[in-house]
Amino acid sequence: MRAAAKRAEQCLSRRGLATAADRAQSIADRILFAQRNAVRTEIEQLEKAGTSDPKSLLAKKVELGYSDPKNHVAFASKTADVTQDVFATMHQQRWRSFLVPRLLKLEAEHRVIGDVLPSAHRPTVNLEVNFQNTQWLCAYGQPVPPLWTLYSPQITLTTNDPRTRHFTIAMVDIDRPDPDTKTYEEWCHWLVTDVPVTTRLVIPGGSSPLLQDAASLTADLPTLTAGADFVPKAPASPPAQIGNVIFPYVPAHPAASNPTKVHRYVLMVMEQTEAGSVKIDMANLKQKAEELRALKAKKSEPMWTTSVEGSGEAKLEVRERGMLLPITKFMKDHKLELKGHGFFTSTWNIHTPAVFSQLGIHEPVYGTLKGQTSRQLVKKITTATSLAASLPGPLATLSAETLKDLNNATAPRFNPNRLLTRRGMEVQKLRRQDEMAKEAAEAKKAEKASVTTKAGKKAAALAAVETKPAASVSMAKTPRLSALAAAALVRNKEGDMAKGLKGDFVRAVKEKRYRYQNV
């Protein structure tokens with residue numbers, strides 16, 4: 001190898017290359033060329049000898065491809081086929097050296113380690129998750145708007161093991177509020193068992209069987225998602241199901257809350273250590289759920305202190321999905337071993353009600369309004385509901401003043417009508433003349449400003465920025481709503497059981513007689 005470098009250096013000196021960098025690059029190219037020729041020779045020898053160790057031959061071919069700079073360029077540009085041996089090796093190396101440390105760091109920062117995982121667990125199965133528009137970074141702590149999760153993600157499992165192994169895949173919300181226990185519970189959004197994986201498996205996305213029928217979805221979704229940056233598209237046909245689906249996919253739907261709660265959605269890949277299918281007694285689970293529903297119905301608790309279960313919630317099996325968890329208990333009961341994991345976060349925004357509507361379930365709103373008497377609270381709720389029913393357009397298009405009035409439940413104020421007199425008309429005319437004269441003076445002053453001056457150049461630059469096409473202008477921020485405004489929107493939402501509902505609390509306040517006033 002030293003002799004080859006020396007010969008290359010002598011050749012370069014004869015060519016008269018100018019810079020040291022050029023000489024170093026040329027020497028490196030020649031050394032790499034010599035190494036690649038040596039590997040090619042070894043591959044030819046192994047193929048001629050008919051070696052009984054295919055792994056050695058494959059390793060040499062991967063080494064040859066890994067030393068080719070063109071392959072690194074193709075991998076970096078994301079045009080490479082990761083099913084090929086060389087690119088598969090690059091893919092796994094990037095996952096082990098970069099993505100796994102990043103995942104463990106983010107899991108510690110978001111307290112996934114401690115709340116779900118008892119300790120830091122280095123995954124051995126590469127789990128890749130991609131919702132529409134998330135670019136394969138979803139499983140590494142990426143914040144994902146709830147609307148983007150309307151359809152199930154594409155999932156890729158890579159074991160690099162030629163044996164067929166069976167796994168159970170779960171997606172769990174670990175921050176779902178439970179009004180019955182006044183705490184947070186784990187809730188299963190997706191559970192699939194008996195998933196066979198040989199080296200690598202791609203599970204197609206686009207499944208969401210619990211959404212409303214296609215006609216209703218097409219009619220309502222544009223109205224509910226007006227102003228959204230991105231709306232996922234429904235697949236042309238339902239994707240093929242792989243494995244045994246215990247709980248069909250349900251999109252993320254974090255509830256509105258004050259203070260705002262960030263929900264963590266954990267994805268788990270668990271290997272089935274025992275032969276045969278994972279046995280889950282769904283009949284027994286549903287029976288226990290019905291017993292709990294019957295017991296709860298006897299208590300006749302106020303609506304605002306308990307979870308609401310209607311026909312939509314029964315279709316989603318809301319209670320059953322929480323009874324199998326926590327996930328650590330589920331793994332222990334069914335003898336599963338954690339092999340891969342990831343998580344993403346999601347928070348309520350103004351387009352989340354579209355997800356609740358398409359699922360056909362009640363949208364809860366959690367929060368406290370401090371410093372309010374019962375009478376004041378009912379009055380504010382009534383005012384906010386009236387304002388939400390008469391909004392001039394979608395939330396994303398409202399002015400800051402209108403949003404402020406909705407968030408604070410401020411009723412519109414109108415000046416009392418006055419008798420129009422001749423003197424009043426003269427005053428209005430003079431005011432209009434003053435305003436027009438002021439506008440004309442400002443326009444004349446702006447015309448006199450020279451573009452050659454520093455101020456003129458700055459004004460011209462600002463004008464050029466303002467005239468850029470809409471594609472280059474940054475998008476407006478999503479409006480934020482208070483718990484009061486979110487509750488008002490729910491009370492006006494078509495199909496929600498809260499629409500027009502007067503609960504026990506409101507009824508009690510309205511029926512209570514005060515000394516001088518009855519609301």
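Okay, let's start with Asp213, which is partly exposed, at 48% relative accessible area; buried would be under 20%, exposed over 50%, and partly exposed is in between, using a 1.4 Å probe and protein chains only. Asp213 sits in the loop between β6 (200-203) and α7 (214-224). Those labels are DSSP runs, numbered from the N terminus: helices are H or I with at least four residues, strands are E with at least two.

Before I go on: this is a predicted model, where local features need pLDDT of at least 70 and side-chain atom pairs count only at pLDDT 80 or more, while totals for chains, interfaces and linings use all residues. Residues are numbered from 1 along each chain as its sequence is written, and side-chain values use heavy atoms, leaving out hydrogens and water.

Now the sheet. Strand β5 (residues 183-198) runs antiparallel to β7, and 3 bridges join them. For example, Val192 has Val245 in β7 as its bridge partner.

On to salt bridges. How many are there? The count comes to 16, taking a side-chain nitrogen of Lys or Arg within 4 Å of a carboxyl oxygen of Asp or Glu. One of them joins Arg264 and Asp175, at 2.8 Å from N to O. Arg264 is in strand β9 (residues 263-272) and Asp175 in strand β4 (residues 164-178), so the pair ties together parts 89 residues apart in sequence. Both Arg264 and Asp175 are buried.

Next, Arg319 and Asp180, at 3.8 Å from N to O. Arg319 is in helix α10 (residues 318-323) and Asp180 in the loop between β4 and β5, so this pair links parts 139 residues apart in sequence. Is Arg319 buried or exposed? With a relative accessible area of 16%, Arg319 is buried, whereas Asp180, at 32%, is partly exposed.

Last one: Glu320 forms a salt bridge with Arg293, with the closest N and O atoms 3.1 Å apart. Glu320 counts as buried at 5% relative accessibility, and Arg293 does at 17%.

Conventions
Pairing = 2+ DSSP bridges.
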